[in-house]
Amino acid sequence: MTSKIRGKALSKNVKAKPETWQLRLYVAGQTPKSLAAFANLKKICEEHLKGQYTIEVIDLLENPKLAKGDQILAIPTLVRQLPPPMRKIIGDLSNAERVLVGLDLYLREK
């Protein structure tokens with residue numbers, strides 16, 4: 001099936017601009033577990049989302065009220081804001097396969 005826009009036929013199989021993944025990592029200070037979670041997340045993103053992600057680190061020691069918005073009950077917690085649906089992963093993100101499945105990246109690559 002095709003659609004016409006400005007006189008050009010566009011196939012639905014044509015890839016659109018790559019989506020940007022918006023990720024939030026909730027931590028409590030710079031503990032070893034928080035630092036490990038950030039390092040593990042950065043590594044996974046560089047391997048699987050190169051150039052298509054943003055990471056926002058939220059320190060709940062500085063801004064505890066921000067935990068309410070994403071209903072954070074444990075830390076560190078990773079929240080995938082975009083693309084929908086929202087996903088949450090708790091822990092230091094050391095199990096890369098679990099993180100890939102939790103973010104729906106594992107299925108996306110196959």
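Lys50 is exposed, at a relative accessible area of 61%. Exposed means over 50% relative accessible area, buried under 20%, and partly exposed in between (1.4 Å probe, protein chains only). Lys50 forms a salt bridge with Glu46, with the closest N and O atoms 2.9 Å apart. A salt bridge is a side-chain nitrogen of Lys or Arg within 4 Å of a carboxyl oxygen of Asp or Glu. Glu46 is partly exposed, at 32% relative accessibility.

The model is predicted; local features need pLDDT of at least 70, side-chain atom pairs count only at pLDDT 80 or more, and totals for chains, interfaces and linings use all residues. Residues are numbered from 1 along each chain as its sequence is written, and side-chain values use heavy atoms, with hydrogens and water left out. The mean pLDDT (the predictor's confidence in each residue, from 0 to 100) is 83. A pLDDT of 70 or more is reached by 79% of the residues. Over residues 1–17 the pLDDT is below 50. Beyond near neighbours in sequence, this stretch has 9 contacts in the model, a contact being heavy atoms within 4.5 Å. Where pLDDT is low, the predicted coordinates should not be read in detail.

The protein has 4 helices and 6 strands. These are DSSP runs, numbered from the N terminus: helices are H or I with at least four residues, strands E with at least two. From the N terminus on, the order is β-β-β-α-β-α-β-β-α-α. The accessible surface comes to about 7700 Å², computed by the Shrake-Rupley method with a 1.4 Å probe. Carbon and sulfur atoms account for 55% of that surface. Among contacts between residues at least 6 apart in sequence, 61% join residues at least 24 apart.

The structure holds 4 salt bridges. One of them pairs the side chains of Arg24 and Asp70 at 3.1 Å, N to O. Arg24 lies in strand 3 (residues 21–27) and Asp70 in the loop between helix 2 (66–69) and strand 5 (77–82), so the pair ties together parts that are 46 residues apart in sequence. Arg24 is partly exposed, at 24% relative accessible area. Asp70 is buried, at 6%.

Asp104 and Arg87 also meet through their side chains in a salt bridge, at 2.6 Å, N to O. Asp104 sits in the loop between helix 3 (96–102) and helix 4 (105–109), and Arg87 in strand 6 (residues 87–90); the pair therefore ties together parts 17 residues apart in sequence. Both partners are partly exposed: Asp104 at 24% and Arg87 at 29%. Shared partners join the salt bridges of Arg24, Glu56 and Asp70 into one network.

Asp59 lies in strand 4 (residues 53–59). Asp59 is buried yet has no salt bridge. The nearest side chain of opposite charge, Arg24, is 14 Å away; Lys and Arg count as positive, Asp and Glu as negative, and His and the chain ends are not counted. The side chain of Asp59 reaches the backbone nitrogen of Leu61 at 2.9 Å. Leaving aside neighbours within four places in sequence, Asp59 contacts Val27, Ala28 and Gly29.

Ala37 belongs to helix 1 (residues 32–48). Ala37 is buried, with a relative accessible area of 0%. Residues touching Ala37, other than those up to four places away in sequence, are Leu25, Pro76, Gly91, Asp92 and Leu93. Ala37 and Gly91 are 54 residues apart in sequence, and their C-alpha atoms are 7.1 Å apart in space.

Conventions:
Polar contact = N/O pair within 3.5 Å; in protein donor to acceptor, adjacent residues only side chain to side chain.
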